[in-house]
Amino acid sequence: MSSSQPKPSEITPKEVWLTRRRWIQSGLALGVLGATAGAGAWWWGREPDEATPARHGRPLEGVVKTGYRVDEPLTDYADVTHYNNFLELGSDKETPAERAAFLPTRPWTVRVDGECEAPGEIDIETILKVYPREERVYRFRCVEAWYMVVPWVGFSLGDLLRRFKPTSKAKYVAFESLYDPDHPLPGQRRLRLGWPYREGLRMDEAMHPLTLLATGLYGEELPAQNGAPLRLVVPWKYGFKSIKSVVRIHFSEHQPVTTWNRLQSDEYGFYANVNPEVDHPRWSQRRHRVLGASVFAGKQPTQMFNGYAAEVAGLYRGMDLHKFF
Amino acid sequence: MGPGDRGVPLPRRRRGRGTAGSSYPGWLLKTPVWLVCLGILGGYLAALVGDRLGANPVEALSHASGAWALRLLLLTLAMTPLRRLSGWSWPLRMRRLLGLWAFFYAVLHLSVWIWLDQGLDWRAMAEDLAKRPYVMLGMAAFGLLVPLAVTSTRGWMRRLGRRWKRLHRGVYPAALLAVGHFLWLTKADYLEPGIYAGVLLGLLGLRLIPQGPALGDSGRRFPSH
């Protein structure tokens, strides 16, 4: 193009390119106007920044205090309920709280099957009636290196598991979160993670008294964004193990497939015990940031098994925790 | 970025051609950029002081500064194609200012990381830099932007002459690295970094379209790249 002159017939007449340019300019101007209007509408229509006043759930009655306490300040209710990884409801930390209404929490039934003598179903009302409502203050450490202290309400998972009489072949327990292909939740519609979300524990981990099935926090029913109406809490493991909104529990002889481990096995191990010595490709696990702390607070050192070594280290005696991370 | 886009190497006579916008006074073009870019900063400072940054304010500041650095960098890169498509010359007169604001937010992003996130723990930072690809990409992008910001003055343009333009092509790898940095640190939802990647590829693609006489000014071609 630079070497030869265009033939006269190839030269666009001046009027044509002037008109064309006028069209391009109008198009660009309209585009910018539209984008500005759109951005403005979005900005003004946004949820107010003022941490959306936490909507409190129904209070749970008959909550009993227990010896499960932590000598650290509790994380604020607003922070516990507005900083959530719950991809089913959205991928930001704040969106799950905004979309709480999308999660249908009643009626709610948990199916329990697999290697057990008495497979069956149990609904949430029965669970709330039959099992104790213990307040247990646990440390909660996310693999993303943030940390909170939560007063959960719930009971030991083992109490529920025993009801279904697992057999000697039950070496593992697998869990599944809510997923209805006909009515997917907002995040399930957009993200392809291989729904439902799946997690699993070794049988002895599942039967450990620390392992909690939570039905509430701060003396109230669990908010949707925290995994209503029933979630797992395994305080010595990274948060992604503590599966939310459980609808199925399955006893199995083999190690179950779990969501993050399947997606990126080099980053998310099956065990996922909190361990400051085992590095994660994205986040150093040596320290963590306490939610709700000031911007200048810095990070705190992370403890082995998130501070629960005395209770759970025995479960892993003789295991190479760098290999089985 | 054609020659003369930045003003100085431009022969005198090319100034004030009859293209729309070239006669706008500088302040009319630059004041809105200052207002918007300062406004964003002010908004976050107010949120910080008013404790409205949520449960993890360090993360909020880090994400916001990084996102604005990238958005402004893409906007800077959009000015040349905008000029070529529309014939307006004012986009080029805003480009340096936009680029410097992008750099400002990149400095902020890096400062948040060094000071608020890593707490000046140099050992931890060196380890992060050595181990984590997204940290490497981000740092490389920043490293490429530094000389561009430094040599953005008229004096440096004059001193570097032809080499100035070659140096400033570093903005393309910098933008690619910045988008790569965002994509790599993303855990599950690739929508936002994906949009930036799409915009960047679109902007780079527009530069590959040869500049025909129909769109050049008064039939004059100016080299494209």
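**Exercise 1.** Determine how the radius of gyration of chain A in this predicted model stands against that of a compact globule of 325 residues.

*Solution.* Step 1: A compact globule of 325 residues would have a radius of gyration near 20 Å. Step 2: For chain A the value is 26 Å. Step 3: The box filled by the C-alpha atoms of chain A, taken along the principal axes, is roughly 90 × 45 × 45 Å.

**Exercise 2.** State what percentage of the residues of chain A count as buried, and describe the contacts of this chain.

*Solution.* Step 1: A residue is buried if 20 or more other C-beta atoms lie within 10 Å of its own. Step 2: By this criterion, 39% of the 325 residues of chain A are buried. Step 3: Among contacts in chain A with a separation of 6 or more, 72% join residues 24 or more positions apart.

**Exercise 3.** Describe the open sheet of 5 strands in chain A.

*Solution.* Step 1: Chain A contains 9 helices and 13 strands. Step 2: The strand order of the sheet is β3-β2-β11-β6-β7 (chain A), and the pairing is mixed. Step 3: β3 (120-123) and β7 (198-202) of chain A are the edge strands, each pairing on one side only. Step 4: On average, neighbouring strands of this sheet are turned by 20° against each other, direction ignored. Step 5: Strands β2 (residues 109-114) and β11 (residues 246-252) of chain A pair in the parallel sense over 4 bridges. Step 6: Gly114(A) has Phe251(A), in β11(A), as its bridge partner.

**Exercise 4.** Characterise the side of chain B that touches chain A.

*Solution.* Step 1: The contact takes 29 residues from chain A and 25 residues from chain B. Step 2: In chain B, α1 (26-49), α2 (57-86) and α4 (122-131) each supply at least two residues of this side. Step 3: α2(B) gives the most, with 5 residues. Step 4: The residues of this side of chain B comprise 15 nonpolar, 5 polar and 5 charged.

How values were computed
Residues numbered from 1 in each chain as written. Chains lettered and ligands numbered in written order. Predicted model: local features only at pLDDT ≥ 70, side-chain atom pairs only at ≥ 80, totals over all residues. Contact = placed C-beta atoms within 7 Å. Nonpolar A, V, L, I, M, F, W, Y, C, P; charged D, E, K, R; others polar. Rg over C-alpha atoms; globule rule 2.2 N^0.38 Å. Buried ≥ 20, exposed ≤ 12 C-beta atoms within 10 Å, placed from the backbone. Pairing = 2+ DSSP bridges. Axes fitted to C-alpha atoms, helices over the stretch in contact; angles between N-to-C directions.
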